[in-house]
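Q: I'm new to this one and would like a close look at a single part. Could you walk me through it in plain words?

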Amino acid sequence: MAEISNMNIQKLTIVQQAIASCCGAIITSLFVTPFDVIKTRLQAQNNPFPKGKCFGYSSGHTDHVYVCENGDSKAWYKKPGHFKGTLDAFVKIIRIEGVKSLWSGLVPTLIMVVPTTAIYFTCYDQLSEALKTRPGKYDEHIPVIAGSLSRFGSVTVVSPLELIRTQMQCRRLSYKQLYQHISTKVAVDGWFSLWAGWTSTILRDVPFSAMYWYNYERFKRMMCKEVGANEPTFFVSFTSGAASGSIAAVTTQPFDVVKTHRQTQLWNSETLKSITPRLFKVAPACAIMISTYEYGKSFFSHLNEKKNQHP
């Protein structure tokens, strides 16, 4: 079978891969955020979030913690509204508060999603290329290894940043106070305290990534062969991403339960019970992310070809 999975990677720079992944992360968040805003508003309506408490905020592709701001009664998740359900909330928020309200909380989410995704996807492509033993030969173990290692690396790098961001939101600390707080924490509990929750995140995300990339590359190659394409079209990437994301989400659900229980010190039990099933976010998020990422890579690949033809 012809080699198609990474045919464009050799022509791309790391910067171009990072740009393509960042654009994919932003577009994915723009599509998925309204659904999470509605979910959060419904939760807040039934079980108001106490000051200083936290709740889960997901872009569908990655999960983060959003901290209720102390003393801020005008925060977007505390706005009044009587909603009967998801559709009712969608209509009322747009009519009363305006369309922009559907993207409340987007900025703090992007601050974590963009660098995480850039590291993750760029590392995956670089590792996939490095692990090739023979040109033109496809090895099925490569997506598993590259997916696992890239997710391991991105989670390890971003975990301390997530902890710092959460502390800044929760305690309203200045940079000097934040430095003193972290210094004290490290002095008392050691450097590893900056990676609190790392183990439970790795237990869920690494198996998810291994399964996701294995199935994605497999589905992509099968569909490209069926339609006679040398490189994945937007439809091929979108469909393959949705299918592989769904399989990985369902299979790793037990690990997600472990991670959720690990974070119960941050989320109240009522909020946990009403969290939307991962599958309804993961499938479209994976589909949008990978299809826009592949499109971005294709764009840069053709751009580089034109530059080489006309130096």
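Let's take helix α6: how many residues apart are K220 and E217, and about what stretch of helix separates them?

A: They sit 3 residues apart in helix α6, so about one helical turn separates them. (Helices are DSSP runs of H or I with at least four residues, strands are E runs with at least two, and they are numbered from the N terminus.) Before going on, keep in mind that this is a predicted model, where local features need pLDDT of at least 70 and side-chain atom pairs count only at pLDDT 80 or more, while totals for chains, interfaces and linings use all residues. Residues are numbered from 1 along each chain as its sequence is written, and side-chain values use heavy atoms, with hydrogens and water left out.

Back to our pair. The side chains of K220 and E217 meet in a salt bridge, at 3.3 Å from N to O. That term means a side-chain nitrogen of Lys or Arg within 4 Å of a carboxyl oxygen of Asp or Glu. K220 is buried, with a relative accessible area of 1%, and E217 is buried too, at 3%.

Across the whole structure, a search finds 8 salt bridges.

Now for the greasy side of things. The largest nonpolar core has 18 residues, and F208, Y212 and W213 are among those that touch the most other members. Such a core is a set of buried Ala, Val, Leu, Ile, Met, Phe, Trp, Tyr and Cys residues joined through side-chain atoms within 4.5 Å. Helix α6 (198–227) is one of the elements that give two or more residues to this core, though the largest share, 5 residues, comes from α10. I290 touches Y212, W213 and Y216, among others, not counting residues up to four places away in sequence; here contact means heavy atoms within 4.5 Å.

Methods: Buried < 20%, exposed > 50% of the residue type's maximum accessible area, 1.4 Å probe, protein only.
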